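I would ask you to look at the sequence and the structure together while I speak.

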Amino acid sequence: MDVQVRAEDRDRLARFLGWFSIGLGTAELAAPRALCRLVGAADDGLAPQVMRLMGLREVAQGGGILMRPRPTTWMWSRVAGDALDLALLGATAATHRRKRTAFAIANVLAVTVPDVYESRFLSSKKGPARAGKLIRKAVSIHRSRDEVEQAWNGASELRRKVEDAGASVRFGDAPGDRGTELVVEFLYAPPAGEIGAAVQKLTGRDLATQLADDLRRFKQQTETGQVVRSEGTPDGHLLAEHLKQRAARPLEEAVR
């Protein structure tokens with residue numbers, strides 16, 4: 001079983017707003033003229049340049065929110081950005097009087113509400129900001145506790161990786177009298193916060209994924225004396241083959 005418990009003050013709403021900022025900002029940077037036309041503004045002159053500046057602001061705010069465990073300042077900067085957007089759209093509406101501009105204003109107002117709510121929520125937090133999330137990896141091995149502990153003592157590379165992560169390890173009876181349960185827990189705080197975690201996840205380099213694969217191989221080695229590998233991967237460390245080849249009893253995943 002794989003349980004990930006958030007230890008940050010940033011919640012799902014803040015993460016959503018962070019990714020929303022990055023997505024919107026990227027669109028404003030990539031297609032400023034199209035975005036100008038979408039909101040009813042002129043697509044020539046200074047308008048596209050202003051749209052690009054708004055895009056830079058959105059990307060910076062999104063990155064700040066996703067990289068900080070308690071992004072209070074960055075969330076309030078989104079509220080200030082909403083106010084600026086409303087002022088610019090108001091000026092556009094006064095000049096062009098287009099329905100598209102009114103629709104854009106309504107959308108900004110709709111986003112302002114959760115921005116203010118989340119900013120107030122984070123502002124209410126006291127004490128030092130918490131960083132990272134608590135990762136709990138557990139695997140049931142069909143062997144006695146003595147056998148599992150002996151095998152663990154012999155797995156020097158895996159034990160070194162677990163020690164480097166500052167993880168705690170414990171052994172116990174597996175549910176349903178299915179042998180021994182090996183549990184590893186550690187606090188995971190990747191560089192660059194949520195963005196760093198996403199990059200590591202995509203490349204298969206995040207510690208949580210690596211540890212899950214390591215425990216899968218340890219389970220196979222302890223139960224059968226060998227590790228099942230695909231052809232062409234004698235060391236079992238290529239991500240593509242890991243995704244294709246899983247144990248007969250894979251680790252279950254749950255997020256709480």
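Let us begin with the chain as a whole. Among contacts in the protein chain between residues at least 6 apart in sequence, 70% join residues at least 24 apart; contact here means heavy atoms within 4.5 Å. This is a predicted model, in which local features need pLDDT of at least 70 and side-chain atom pairs count only at pLDDT 80 or more, while totals for chains, interfaces and linings use all residues. Residues are numbered from 1 along each chain as its sequence is written, and side-chain values use heavy atoms, with hydrogens and water left out.

The protein chain holds ten helices and five strands. These are DSSP runs numbered from the N terminus, with helices being H or I of at least four residues and strands being E of at least two. Of the 256 residues in the protein chain, buried ones make up 42%. Buried means under 20% relative accessible area, exposed means over 50%, and partly exposed lies in between, with a 1.4 Å probe and protein chains only.

Helix α1 covers residues 12-30 and helix α3 covers residues 47-67; their axes come within 7 Å and cross at roughly 155°. Axes are lines fitted to C-alpha atoms, for helices over the stretch in contact, and angles run from 0 to 180 degrees between N-to-C directions. The crossing angle therefore makes α1 roughly antiparallel to α3. For reference, angles under 35 degrees count as roughly parallel, over 145 as roughly antiparallel, 65 to 115 as roughly perpendicular, and the rest as oblique. The crossing of α1 and α3 is left-handed, a term used if the near helix is turned anticlockwise from the far one by less than a right angle, whereas clockwise is right-handed.

Which classes of residue form the contact of α1 with α3? There are eleven nonpolar, eight polar and four charged residues. In this scheme Ala, Val, Leu, Ile, Met, Phe, Trp, Tyr, Cys and Pro count as nonpolar, Asp, Glu, Lys and Arg as charged, and the others, Gly among them, as polar. The α1 residues that take part include Trp19, Ile22 and Leu24, and those from α3 include Met54, Glu58 and Val59.

Leu24, in helix α1, counts as partly exposed because its relative accessibility is 27%. Leu24 and Val59 are 35 residues apart in sequence, yet their C-alpha atoms are 7.8 Å apart in space.

Setting aside neighbours within four places in sequence, Glu58 is in contact with Ser21, Ile22, Leu24, Gly25, Glu28, Arg78 and Asp85. From Glu58 to Phe20 the C-alpha to C-alpha distance is 8.7 Å, across 38 residues in sequence.

Asp85 carries us to another helix, α4, which spans residues 72-96. Asp85 counts as buried because its relative accessibility is 8%. Apart from neighbours within four places in sequence, Asp85 is in contact with Met54, Arg57, Glu58 and Val108.

Next, the strands. Strand β2, residues 133-141, has eight of its nine residues buried, so this strand is largely enclosed by the rest of the structure. β2 pairs with strand β4, residues 180-188, in the antiparallel sense over nine bridges; two strands pair if DSSP finds at least two bridges between them. Ala138 has Val183 as its bridge partner in β4. Strand β3, residues 168-173, also pairs with β4 in the antiparallel sense, over six bridges, and Val183 is the β4 bridge partner of Arg170. The hairpin of β3 and β4 has six residues between the strands, and there Gly176 takes a positive phi near 70°.

Finally, a second pair of helices. Helix α7, residues 156-164, and helix α9, residues 207-224, have axes that come within 11 Å and cross at roughly 150°. They are therefore roughly antiparallel to each other, and α7 passes α9 in a left-handed crossing. Leu158, Lys161 and Val162 in α7 meet residues of α9 including Leu211, Asp214 and Phe218.

Not counting residues up to four places away in sequence, Thr222 touches Ile141, Arg143, Val148 and Ala151.
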